[in-house]
Amino acid sequence: MGLNKLTLLTSTVRLGRNVFAGRFAKTGDCLHRFQSRRSVRSSARSLAYAKDLFLGKVNKAEVFPYPEISNEELEEMNQLVQPVEKFFSEDVDSKKIDHEAVIPPETLKGLKELGLFGIQIPEEYGGLGLSNTMYARLGEITSLDAAIAVTLAAHQAIGLKGILIAGNEAQKAKYLPKLATGEHVAAFCLTEPGSGSDAASIQTRATLTEDGKHFLLNGTKFWISNGGWADIMTVFARTEVVDKDGQKKDKITAFIVERAFGGITSGKPEDKLGIRGSNTCEVLFEDTKVPIENVIGEVGGGFKVAMNILNNGRFSMGSAGAGMIKKLIELTSEYAGTRKQFNRSLSEFGMIQDKFATMALNAFVMESMAYLTAGMMDRPGVPDCSLEAAMVKVFSSEGSWICVSEALQVLGGLGFTKNYPYERYLRDCRILQIFEGTNEILRMYIALTGMQYAGKILTGKIKEMKRGNVGVVFEILGKKLKDSVGTVDFGLTGKDGLVHPSLTESAKMFEQNAGFFGSTVESLLYRYGKTIVEEQLVLKKVADVLINLYAMTAVLSRTSRSISIGLRNHDHEVLLTNTFCKDAHFKNNFLLTQLQKNSPENNDANIKKIAQEVLAKRAYVCSHPLDRTF
Amino acid sequence: MNAPRHLFRIQCIGCVTRFLGTPVQRVILPGGAHLQTPGSQHSNGQFLRSFHCSAVCTTSRPNRTEFEKAVEHPTQHKDKSLITHDDLFERAARDSNTKADFNRVVDVFNKADIRRRGHVEFIYAALKKMPEFGVERDIAVYNKLLDVFPKEVFVPQNFIQRMFNHYPRQQECGVQLLEQIENYGIIPNVETKVLLAQIFGEKSHPMRKYQRIMYWFPRFKHANPFPVPHVLPGDPVELARFSLTRIADDLDAKVTIYQYPSTDITETGQEVTRPHILGIQSPDQRSLLAKHNPCRPVYVEGPFPLWLRKTCVHYFLLKADPIPPEEKVVEEDVDPELIGPEQSLFYPQRVELDLERDMGDDESFYVDDVEEGLVYAMCMAGQGDQATLSQWISGLQETCPILGQIPTVFRLESGPRELQTSSDAQQTPEQEVEIDQIIEDEPQRSQRVN
């Protein structure tokens, strides 16, 4: 790495550890110091990787080299991982959990003893105090049983996260110790019957009592994981707030609600397709008296709290998905190796091999993305990695679904039976695309956030162009000409390149895509302006390209590091990286071509029309092929 | 064969009458309109002849005149021949007129004379009488009529016969039969084709007519995206339900039956008939009504006609005046934080950019929105009087309590003398005159529609 880059980093991140320093970190306590500091909001970093891609910039410093953890941390983690792994392989009966739709108390007790209920709670409050990276590592193992993974995630990734990131000292001291041990279980209550993705419809209301010391909470919350047995809940409700102009307005506020406050009833647990062992139910609040000290953050600031909680929890789905796929590869490859058909084992058939390659590629990419994001989040400051985390979630939830389905296909009919775990994995895995923000919403978020960011910077230029400023037009034409003649060079390859020479080709493909993406975003902004919000099909493609770009970045960065430090089997990583990048490159090219104006590849208008006609009739429109007119 | 011409002519008449207004229609139509009633083939023939006498047509189809002369022939004798055959049908119709009776008459004719003498006159008479027997939409009956023609006699045997119009009178009769099929919008079947081939041969005029019908009709069969069934529901409640859902055009709209029709006899022996009342309202309409400013009145307006083929039903609206701009409720202010950019919880519903859509990508076009009053609900009732309709309004109040506070004004025009239902299909003679006026061009319309 160049000296200039090092100085750049040290100037932006003064406090605590950074990834570069991580390699040279002398002691592990540096981590803990940082962990306790994390809650103190220091200056936000200006760097943002995914957002800069929208401007056609590759912010190398953010993603190269791949983040690492210190030896001490690694050792600590391995010590932690072993018993957890052992516990999951020996003491967890996933089939029974799925069948009986409940996690047995012994299993829960075991999880609590392992400290899995307080992975990210600082040690001073009795938790394990682990970083996001370590949390992701543990997620790989807990994902082997989806019901447990969801229960744990509902508890700590969202349930108590509010207290952790926005709670004050008193709240932390009061609640965290019991939550860390699992004596109390947390839940996150945001969704309501009428409000899935519709912002305006949160109906639960908190009204201040006359003495001004309590809020009275009234309303119903839906689909609350752990809702049946949570003792502490983070509840979001409307409260009346007087804003600057002296007008009364409804704002959302976050509350810590103990079940002991009374007036809380839980409905019957939902009978679900997957993650059946997790407890999901309705929670009713009737005049629940919440003391004013239990407001998280400030009154009216609940929406930001909710966003922060959700935005930062999503990255772990990548490692969880990868963990699951790795397990599936082990299970199915054994079958493929032993099962004989036409005197050959299944593993010799090209179509079966294809499935294993898909699984390996997906696991590899998910893992790379998840740990890159976790590493970014573990850096000091308050990194805004919500875009990256959302991308990890979208990519891994869809990848997992494909991989589980392929794994099941390897077994054919056997995979379809309940004798094998594949059908359970398939059912469990379906929820990934739905919860923590559906993939559709996240795609909108990814694309629009980037568009907003790029738009702010490019507005001036585009306006000049529209006004017919000859200078700007020529500048752009010149740039386009330059782009078409020479390849785009972001300095990833070559003499001082950050990517290892064996990945040069892939890196070039990435650079080309990134350049093309930047110019496409510009043209989209030129074409649609602020009405881009209505162009969901365009935004979907933008989000898909960005996800691919980020995935390419992650594998390039990871593999470069692996080669450089000589990790075992890094040649396989090179293979995977080159395969994935080539694939993603052509997919991106196609998507970006579709996004050009008047592109013959673009079918959006027809797609919309089909849907409109079907939806107008609310039925399949065509006559039956056997129908006759005479 | 001459359907397009026919259509064209009807449209012309339609234009003129529309232009001149209804009273004139009555004056003009007796001359031309009776030509259009499907039963009167001869008149059609006459009309055609005059049409084809135009210079263009004669030059384009020289053999036409001969053909028409042949058509002329039966018309000269029509009085005599028709009366006899009409008689046959009238005698049959005296007791009952069903499909079986009609078939019986045809059978009688077939058996009476092995040579089928006078079959052309018989077929013309039969075609005219078909609506009376209610078989005008039955392809099997048309096939039976075709079967009256002797087979193979009219098939041209050599090139000279083929070149000239072989047995023009019979061919014209066959064409008229097919034309009636066409006017009623029914599709001939393979049996028709086989019969035509047997009677007139493969390349005759009736066969051509058949082929043209078969070319167009299947293509037009589903041209109407909102088809009306030929047989409407008999129950007035069902008919009202069908009509209301047809007008409402909102799949969420719900029909409510406020009152079933019933007849009670009070102690005094008076018969009290309670008419049916059905209403339809969509959830959107309901929420709009709930937001209605109680200071402004709502109006019950009607009756408005709705034509379902030959049946006319009437409906009523609950309407309000357009909301004046100063009273328009400003959209509820949603917390900008919740829908603004950079939020992932609910998807961002806007971006804050100072850039409009580029003109090249603006595919919308200018639409002049005309403000209309809001329609809150619709209803159909057995009677159009205020008492019945206020029952509807009070029924609506159950779902929209605010309606109790809103002044309701009844703006009813003198209602229809009688609401028509399919039970009125057998019209009383007095009604017939009135209805005939209306249904004159009905078969043609349905033909276009089908």
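Which helices and strands of chain A do the buried residues of helix 12 pack against? Let's find out on a short tour of this predicted model, in which local features need pLDDT of at least 70, side-chain atom pairs count only at pLDDT 80 or more, and totals for chains, interfaces and linings use all residues. Residues are numbered from 1 along each chain as its sequence is written, chains are lettered from A and ligands numbered from 1 in the order in which they are written, and side-chain values use heavy atoms, with hydrogens and water left out.

**Stop 1: helix 12 of chain A**

Select residues 169–181 of chain A, which make up helix 12. Helices here are DSSP runs of H or I with at least four residues, strands are runs of E with at least two, and both are numbered from the N terminus. Now color A:Gln171, A:Lys172, A:Tyr175, A:Leu176, A:Leu179 and A:Ala180, which are buried (under 20% relative accessible area, with exposed meaning over 50% and partly exposed in between; 1.4 Å probe, protein chains only). An α-helix has 3.6 residues a turn, so residues three or four places apart point the same way.

Here is the answer to the opening question: the buried residues pack against helix 10 (146–159), helix 11 (161–166), strand 1 (186–189), strand 4 (232–242), strand 5 (248–258) and strand 8 (295–296) of chain A. Contact means heavy atoms within 4.5 Å.

Next, look at A:Tyr175, where helix 12 bends by about 35 degrees; the bend is the angle between axes fitted to the seven residues ending there and the seven starting there. A proline, A:Pro177, follows within four residues. Just after the helix, A:Gly182 has a positive phi of about 85 degrees.

Zoom out to residues 75–183 of chain A, which an unreviewed UniProt entry annotates as "domain: Acyl-CoA dehydrogenase/oxidase N-terminal". UniProt positions are given in the numbering used here, feature names are shortened, and annotations may be inferred rather than shown by experiment. This stretch is 70% helix and 0% strand.

**Stop 2: A:Thr373**

Where does A:Thr373 sit? Select helix 15 of chain A (residues 350–378) to find A:Thr373. A:Thr373 is buried, with a relative accessible area of 0%. Leaving aside neighbours within four places in sequence, A:Thr373 is in contact with A:Phe315, A:Cys385, A:Glu388, A:Ala389, A:Val392 and A:Tyr550.

**Stop 3: a sheet in chain B**

Move to chain B, where six strands form an open sheet in the order 1-4-7-6-5-8, with mixed pairing. Two strands pair if DSSP finds at least two bridges between them. At the edges stand strand 1 (254–259) and strand 8 (408–412), each with a single partner strand, so one side of each has no neighbour in the sheet.

Pick out strand 5 (residues 298–308) and strand 6 (residues 311–320) of chain B: they run antiparallel and are joined by nine bridges. Within this pair, B:Tyr299 stands opposite B:Lys319 in strand 6. Stay with strand 5 of chain B to find B:Pro303. The peptide bond from B:Gly302 to B:Pro303 is cis, with omega near -10 degrees.

**Stop 4**

Back in chain A, select A:Phe64 and A:Pro65, joined by a cis peptide bond with omega of about -15 degrees. A:Pro65 lies in the loop between helix 5 (60–63) and helix 6 (71–90).

Finish with A:Trp223 in strand 3 (residues 214–225) of chain A. A:Trp223 has a positive phi of about 50 degrees although it is not a glycine.

Conventions. Expected span 1.5 Å × (residues − 1).
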